[in-house]
Amino acid sequence: MSRSTLEPSDGLPWPQRRFAILTIGLGIAMSVIDGAIANVALPTIAGDLDASPAFSIWIVNGYQLAITISLLPLASLGEIVGYRRVYLSGLLLFTLASLLCAFSHTLLLLTVARIVQGFGAAGIMSVNAALVRFTYPRALLGRGIGLNALVVAVSAAIGPTIAAAILAVGSWPYLFAINVPLGAVALTIGWRCLPHTNRASRAFDWQSAGLSAVTFGVGIAAIDGVGHGEPPFTWLSEFSVALIAGLLLVYRETHVTSPLLPVDLLRIPVFALSIATSIASFCAQMLAFVAIPFYLQSRFGYSAVHMGLLITPWPLAVALAAPLAGRLVEHYPAGLLGSIGLLSFAIGLGALALLPAAPSSFDVTWRMALAGAGFGLFQTPNNRTMIAAAPRERSGGASGMLGTARLLGQTMGAALVALFLGRYPAEGTRIALLAGVGFAFCGAALSTLRLSEAGSRGAEHVRVREAQRLKGE
């Protein structure tokens with residue numbers, strides 16, 4: 001069978017598509033949830049392993065750092081060896097590393113296992129959206145992206161709740177052990193049902209991969225250092241290293257046909273605007289996610305159980321809005337839907353920041369629901385625009401940038417919350433929510449720019465030109 005006959009002409013047939021969707025959903029859910037559960041369990045794990053807080057933080061940071069430095073290289077590798085192969089390899093590595101985490105009896109072993117798990121998660125995240133593009137017919141791509149966005153958003157929201165529930169009935173190793181049977185099921189189904197795709201004939205660019213790892217790894221470490229109050233010399237040095245590596249990376253990528261850092265796609269105006277919108281929105285989301293539990297507990301005295309119930313309307317609203325947005329984007333401009341969604345998100349966050357002194361449960365829950373619905377309405381059209389704007393043979397680059405934008409935004413948001421809490425102990429949580437409002441409004445403004453008819457024509461012109469150039473070469 002030739003490579004050209006491997007790629008589905010317009011998505012997978014329904015029975016196979018159903019199981020491919022299940023595999024993609026399981027993989028991304030596990031990788032996103034595992035990024036959140038360790039935060040909740042960190043004090044328990046540190047106490048059990050007799051580790052200091054300063055060293056135990058690497059259980060979280062090692063996982064995130066591994067994802068950050070390998071996301072774009074693995075997305076590029078997916079274009080070369082096939083998205084299916086990278087996804088299944090990442091899923092296998094993630095599952096085996098989860099088993100190693102469950103049996104780790106020292107902090108060093110657990111940290112190494114978490115780093116390996118992070119590389120596996122990067123394999124899943126890097127090509128996730130690209131696989132969705134080849135799983136669904138073009139006419140239903142919005143619905144596929146909507147379902148994928150739903151899984152990501154809900155997984156991020158319920159991760160702490162799942163961790164708390166598991167820790168209530170068992171010990172921390174079960175947080176990781178639960179991934180093993182789920183990963184085995186996903187691997188079995190995925191081997192049979194994930195789509196085969198055409199492969200690029202180029203070699204993997206190891207130099208660009210190294211520069212990308214330094215740029216994003218050291219850059220995010222610098223952002224995190226600012227938030228956690230590290231000495232200015234430390235984070236300024238890290239920013240300098242990241243900037244130099246980034247400049248070298250951009251220079252190198254402008255001289256290759258299919259760059260690992262997709263500067264070719266960033267020349268497409270609608271793609272670049274969607275990336276910027278995504279970074280701003282996920283920064284706002286993380287500002288809210290991290291600040292809200294502290295806000296509800298310190299300001300209003302809610303218990304952990306009560307907080308969990310009050311926050312629940314957020315993921316429920318996302319679950320309703322994301323699939324709906326996937327259908328709406330087939331008929332209405334993504335820029336319009338994204339703007340409406342982010343404005344609703346901003347209003348919800350602002351209303352939370354301005355809660356009365358003695359709020360009722362309804363006062364809190366409707367604000368949570370409005371914020372969640374707004375974010376769900378934004379995320380699906382934005383992701384679909386990013387994926388659809390790229391030529392099909394560059395789906396890996398688009399998928400990698402989608403994940404990188406999310407990580408950058410989340411890292412910035414978490415660092416800002418840490419900064420606000422450190423500088424303003426009494427009002428830091430409210431300031432974080434108001435900062436989230438600002439980033440959400442910024443995202444709405446960026447999304448509105450995509451409505452420009454001239455910009456849309458320019459985006460389509462550049463997209464077609466890039467596709468023709470790539471095919472010609």
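Confidence in this predicted model, expressed as pLDDT (the predictor's confidence in each residue, from 0 to 100), is lowest in helix α19 (residues 453–472), at a mean of 45, and highest in helix α4 (residues 83–102), at 96. Helices (H or I, at least four residues) and strands (E, at least two) are DSSP runs, numbered from the N terminus. Over residues 453–473 the pLDDT is below 50, and the model gives this stretch 24 contacts beyond near neighbours in sequence, a contact being heavy atoms within 4.5 Å. Residues 1–6 also stay under 50, with five contacts beyond four places in sequence. For the protein, the mean pLDDT is 85, and 93% of residues reach 70 or more. Local features need pLDDT of at least 70 and side-chain atom pairs count only at pLDDT 80 or more, while totals for chains, interfaces and linings use all residues. Residues are numbered from 1 along each chain as its sequence is written, and side-chain values use heavy atoms, with hydrogens and water left out.

The protein contains 19 helices and zero strands. Its C-alpha trace spans about 65 × 50 × 50 Å along the principal axes.

Axes are lines fitted to C-alpha atoms, for helices over the stretch in contact, and angles run from 0 to 180 degrees between N-to-C directions. Angles under 35 degrees count as roughly parallel, over 145 as roughly antiparallel, 65 to 115 as roughly perpendicular and the rest as oblique. A crossing is left-handed if the near helix is turned anticlockwise from the far one by less than a right angle, and right-handed if clockwise.

Helix α3 (residues 58–81) packs against helix α17 (residues 395–423) at about 165°, with axes 7 Å apart; the two are therefore roughly antiparallel. Their crossing is left-handed. Q64, I67, T68, L71, L72, A75 and E79 of α3 make the contact with S395, G396, G397, G400, M401, G403, T404 and L407 of α17. By class, six of these residues are nonpolar, eight polar and one charged. Ala, Val, Leu, Ile, Met, Phe, Trp, Tyr, Cys and Pro count as nonpolar, Asp, Glu, Lys and Arg as charged, and the others, Gly among them, as polar.

Between helix α6 (residues 141–169) and helix α16 (residues 361–389) the packing angle is about 125°, and the axes lie 8 Å apart, which makes α6 oblique to α16. The crossing of α6 and α16 is right-handed. From α6 the contact involves L141, G142, I145, G146, A149, V152 and A153, and from α16 Q379, T380, N383, R384, I387 and A388. Seven of the contact residues are nonpolar, five polar and one charged.

Helix α12 (residues 269–300) and helix α15 (residues 334–353) pack at about 25°, with axes 12 Å apart, so α12 is roughly parallel to α15. The crossing of α12 and α15 is left-handed. T277, S281, A284, Q285, A288, I292 and Y295 of α12 meet L342, F345, L349, L352 and A353 of α15. This contact has nine nonpolar, three polar and no charged residues.
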